[in-house]
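Thanks for coming. I will keep this short; please look at the structure as I put it up.

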Amino acid sequence: MRLRLGSYSLKIKSYTAQELGLKDISENLIFTIYQKVFHLWYIPIFPVEKHWKVLDGATKKEVTDTNPAMRSALDLKTLKKRSPFWSYTGLIVVALPVLFLLGYVIYGTIDVSSDGIYKALAKNTRISEKKELAQTPEIGDMYTFKILNVERITDMNGQSAGYKPSYFSSPYDVDFLVNYISKDSVGFDHNHIEGRTNYTFGFRPQFKLSKSEVLLAAENYQDLQVLERPNEDGAKTKNVVGIFQIQRNQ
C-alpha cells in the first residue's frame, strides 16, 4: 500500500476590501487567507504556513497584480490569524492514546501513593494506641504477640547488613495476659482457652519483659528473650517478636 504524504491548503478566512480598510479598491475583489498543512492520508498532521490569494469575485480568477497597500493589509491579517484547530487533527489523534496512558499511569501512581500514605497513617495510629496502653499496663490486659522468622542478609563485601523476613515465613500470633506489674517490668501468662490447644508456637508459657522492651515490641519486631529456644548470636536465621495488638476490658 502506497503511503500518502504531502501538503495542501484550505481556506480559513475571506475579507472584502472594506474589511481590510482598503480604499479605491474594486468591491468585486475577494481577499482570502489559506492555511497550508502537512498531511498523512489527507489527515492534517500540523500546520506549515499561511498564505493569501486575491480573487476576482466576478470571474473567480486569481488576481496577481496587487499593490503595496493590499499586500501590507493581507500580510498583517495573516500574521494575526491563528492556525485553526483542525490543522492539528493528526497530532491530537496521535496524542490522545499517549495522554490516556500517561493519565492512567499518573492516576495509578497517585492511587498507590495515597494508599501507601493511608496505610502509613493507619500503622502509626495503631502503634500510638498500642504504646499508650503499654505505658499504663493493667492486670488482665491481653497482648497478642507475633513471631516472625528472619534470615541474615549481607552486603557486597560479605558483611552482615541486618535481617529480612524469610521467603517462606509468615508471622503467627499467640495471646498472653498480663499477670504481673512492677515499676520497671510486666509479666505475661499464656492465655489458654479451655477446649483449645495449649500450643504456644515456641513462646515460653510465662515470661517477663521490661517496660522499655514492651514499648519497642509495640513499635516493631525485636529479639526478645521470650522463646523456649533463644536465638544464637550471629545465627543465619532467627525468630523475632512483636506486639500486634493490646486489648483491655473496660
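This is a predicted model: local features need pLDDT of at least 70, side-chain atom pairs count only at pLDDT 80 or more; totals for chains, interfaces and linings use all residues.

Residues are numbered from 1 along each chain as its sequence is written, and side-chain values use heavy atoms, with hydrogens and water left out.

The structure holds four salt bridges, meaning a side-chain nitrogen of Lys or Arg within 4 Å of a carboxyl oxygen of Asp or Glu. One of them pairs R248 with D141, with the closest N and O atoms 2.8 Å apart. That pair links distant parts of the chain, 107 residues apart: R248 sits in the segment after β9, D141 in the loop between α2 and β4. Helices (H or I, at least four residues) and strands (E, at least two) are DSSP runs, numbered from the N terminus. Both R248 and D141 are buried, where buried means under 20% relative accessible area, exposed over 50%, and partly exposed in between (1.4 Å probe, protein chains only).

R248 also meets E138 in a salt bridge, at 3.6 Å from N to O. E138 is partly exposed, because its relative accessible area is 40%.

Another salt bridge joins K131 and E219, the closest N and O atoms being 3.5 Å apart. Here K131 is in helix α2 and E219 in helix α3, 88 residues apart. K131 has 27% relative accessibility, so it counts as partly exposed.

Last, V48 lies in strand β3, residues 43-56. With 47% relative accessibility, V48 counts as partly exposed.
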